[in-house]
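Hello,

Here is the structure you asked for. Please open it first, then read my notes below.

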Amino acid sequence: MSLAMRPPTQLPVPASAPVKAPAGARRGFTPMVALLDVVLLVVAFGLAHVVRFPWELSTGTVQAGWIEFVVAPAIVVVWMTLLSAFRTRDPRIAGIGGDEYRRLLTASLITGASVAVLAYASQLDLARGYVAIAFPLGILFLVIGRKVVRSALARSRARGERLQDVLLVGDTEDVRYVGRRIASTPGAGYRVRAVVTDCEPVGVTIGLGAATAPVVGGIDDVLDLARAQGVSAVVVAGAVRGGHERLRRLGWQLEEHGVELVVSSPLADIAAGRVHERPVDGLPLMHVETPDYRRRAGKRLLDVTGAGIGLLLLAPVLAVVALVIRSDDGGPVFFRQVRVGRGGAEFSILKFRTMCVDAEARVAALHADNDGAGPLFKMKDDPRITRVGAFLRRTSLDELPQLWNVLTGTMSLVGPRPALPREVALYEDFADRRLLVTPGITGLWQVSGRSDLDWVDGVRLDLHYVENWSFLHDLVILARTVPSVLRSRGAY
């Protein structure tokens with residue numbers, strides 16, 4: 001049925017019409033998480049009681065801590081109520097993004113504040129040590145519990161389970177772009193069941209990266225096709241013919257049949273913190289803050305401190321590695337290479353040598369076996385790598401001398417991958433925006449797969465970092481670097 005064919009006398013279904021829940025909710029996701037939450041909170045308060053009143057455990061009686069023993073269940077009830085009120089167990093936010101943790105933290109802090117106010121108003125003499133133990137433990141246990149649930153949910157979704165089937169609507173290019181992103185992120189909980197577009201004939205299959213989806217009709221028949229396909233949501237990729245008004249009517253019609261409307265934002269790879277909604281006469285305008293590319297004092301302080309401490313603590317390791325390299329083939333210990341840094345300025349990067357002495361001269365002869373994409377040259381079985389070099393690359397020990405580059409300011413602990421001049425010369429389509437910030441020893445490219453990533457994905461991750469830098473983001477990447485190095489994924 002066309003969006004314009006709805007009879008004017010047809011009354012809408014009340015707003016309380018049931019909406020199809022995502023697969024996770026249909027299989028008892030919310031009750032399962034609620035049960036886990038209450039168990040964790042009970043354990044947290046139990047441990048707090050044992051730590052604060054240890055003598056009661058040996059005597060088997062509740063004496064000094066009887067007030068806390070009686071009040072604890074009420075606090076757990078209030079905490080659970082606020083966790084529900086803030087929709088921390090909503091399947092739509094479970095498994096991806098930080099909204100789940102932000103809601104959980106907000107509900108927990110409000111619980112603590114409410115308990116403090118009520119205790120003061122009623123002159124309830126709660127032991128401060130007990131509260132100081134119970135609430136941090138409760139928050140910690142809840143976060144760990146959600147992390148465990150998130151990991152289990154991610155594994156389940158990666159196997160194709162607990163996914164919400166959606167109908168993808170839009171022009172072919174928009175559909176392909178959004179569809180590829182959905183297919184590459186099963187943790188988000190979506191699975192494209194079919195595609196609706198006027199740009200391709202019905203029956204054609206459109207490739208969406210790791211997945212495919214058939215074209216089942218045109219945009220005029222979205223409502224009927226959504227019902228026929230049995231999807232629980234319609235994802236609109238890009239603009240639709242008819243503009244805002246038509247999209248609003250589509251949302252109303254889908255709502256009447258219990259189907260959700262999801263609209264893809266054209267603001268790709270922009271962090272939520274840079275986007276602010278500015279309503280204008282009911283129209284939500286998205287205001288995007290301009291990123292600040294200036295040198296950040298906090299980031300530089302972290303670089304100097306981290307590099308200085310790292311060089312001091314790792315001095316024995318550096319000495320041993322240097323000795324092993326020298327004794328292996330008698331060649332130089334360090335390898336210097338010109339790279340392009342912030343603003344296009346060239347600098348000399350310092351690394352432990354992992355290849356034979358004439359490695360640079362042999363590059364041209366090996367181009368036919370290049371495993372890299374775009375201007376990037378990489379080989380999984382590079383014959384130039386020495387025996388010691390293979391181990392150093394696998395463990396990332398060859399990168400340690402770059403701490404000196406960080407200390408001198410030509411590199412940062414975290415940043416885009418430092419590029420070769422020949423790579424920069426072949427940059428296309430704003431890839432040179434990677435040069436707006438200082439390159440790093442580690443970055444999103446490393447913690448996401450390093451050499452296993454193709455050129456396009458590597459550039460996208462670097463640009464995401466450049467556009468959305470934050471001090472906290474740097475700390476998260478540094479924390480993720482350790483397990484990434486231990487896994488040795490993409491290290492060759």
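Arg-296 touches Val-437 and Trp-469, not counting residues up to four places away in sequence; contact means heavy atoms within 4.5 Å. Arg-296 sits in the loop between strand E8 (283–288) and helix H10 (297–313). Helices (H or I, at least four residues) and strands (E, at least two) are DSSP runs, numbered from the N terminus. The relative accessible area of Arg-296 is 15%, so Arg-296 is buried (under 20% relative accessible area, with a 1.4 Å probe and protein chains only). Arg-296 and Phe-471 are 175 residues apart in sequence, yet 9.1 Å apart in space, C-alpha to C-alpha.

This is a predicted model: local features need pLDDT of at least 70, side-chain atom pairs count only at pLDDT 80 or more, and totals for chains, interfaces and linings use all residues. Residues are numbered from 1 along each chain as its sequence is written, and side-chain values use heavy atoms, leaving out hydrogens and water.

Next, Thr-438. Its place is in the loop between helix H15 (421–424) and strand E12 (440–442). Thr-438 is buried too, at 12%. Leaving aside neighbours within four places in sequence, its contacts include Arg-342, Gly-409 and Pro-416.

Last, helix H2 (residues 29–52). In H2, the buried residues include Phe-29, Val-33, Asp-37 and His-49. H2 packs with helix H6 (residues 128–158) at an angle of about 150°, with the axes 8 Å apart. Axes are lines fitted to C-alpha atoms, for helices over the stretch in contact, and angles run from 0 to 180 degrees between N-to-C directions. That makes H2 roughly antiparallel to H6 (over 145 degrees).

Best wishes

Notes: Parallel < 35°, antiparallel > 145°, perpendicular 65-115°, else oblique. Buried < 20%, exposed > 50% of the residue type's maximum accessible area, 1.4 Å probe, protein only.
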